[in-house]
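Subject: Structure handover

Dear colleague,

I am passing on the structure below, with the sequence. Notes on what was found come after it.

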Amino acid sequence: MGRISPVTFSVASTVKHALSIWLSIIVFSNSITALSAVGTVLVIIGVMLYNKANQYQRESMQAIAQAADPLDLQEDSKAAEK
């Protein structure tokens, strides 16, 4: 649990609740309201956007780390020459 951010845990919990609602609709033949359909669509869109933002952040951090590594190596070699 220490490796999961609170936001990720909240997103997973929201998805779990949405799936529970839709499973109850399927299993127990509960009626579907417009509000539950809209809520499910919002949950799906939110999870997709969260995953996309998480992926973008991860790629950005990797690009920054890769860009910083050559500079560190050049500075280390300059310091070694002196």
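The notes go from the overall picture to single residues.

This is a predicted model, in which local features need pLDDT of at least 70 and side-chain atom pairs count only at pLDDT 80 or more, while totals for chains, interfaces and linings use all residues. Residues are numbered from 1 along each chain as its sequence is written, and side-chain values use heavy atoms, with hydrogens and water left out.

Overall. The protein has two helices and zero strands; helices (H or I, at least four residues) and strands (E, at least two) are DSSP runs, numbered from the N terminus. Of its 82 residues, 6% are buried. Here buried means under 20% relative accessible area, exposed means over 50%, and partly exposed lies in between (1.4 Å probe, protein chains only). The accessible surface amounts to about 7000 Å², and carbon and sulfur atoms account for 67% of that. Areas come from the Shrake-Rupley method with a 1.4 Å probe; for residues, only the protein chains shown count as cover.

Helix 1 and its end. Helix 1 has 23 residues and spans 32 Å from first to last C-alpha, close to the expected 33 Å (1.5 Å times one less than the number of residues). F28 belongs to this helix, residues 6–28, and counts as exposed because its relative accessibility is 61%. Together with L23, I26 and V27, F28 forms a nonpolar surface patch with about 470 Å² of accessible area.

S29 follows helix 1 and sits in the loop between helix 1 and helix 2. Its phi is positive, about 55°, although S29 is not a glycine. Most residues other than glycine have a negative phi. S29 is exposed, at 62% relative accessibility.

Helix 2. T40 lies in helix 2, residues 34–81, and is buried, with a relative accessible area of 14%. The T40 side chain reaches the backbone oxygen of S36 at 2.9 Å.

Annotation. The unreviewed UniProt entry marks residues 20–50 as "transmembrane region"; such annotations may be inferred rather than shown by experiment, and positions are given in the numbering used here, with feature names shortened. In the model this span is 84% helix and 0% strand, and its end C-alpha atoms lie 20 Å apart.

Regards

Note on methods: Patch = residues over 30% accessible without salt bridge, like charges linked within 9 Å, V, L, I, M, F, W, Y side chains within 5 Å. Salt bridge = Lys/Arg side-chain N within 4 Å of Asp/Glu carboxyl O. Polar contact = N/O pair within 3.5 Å; in protein donor to acceptor, adjacent residues only side chain to side chain.
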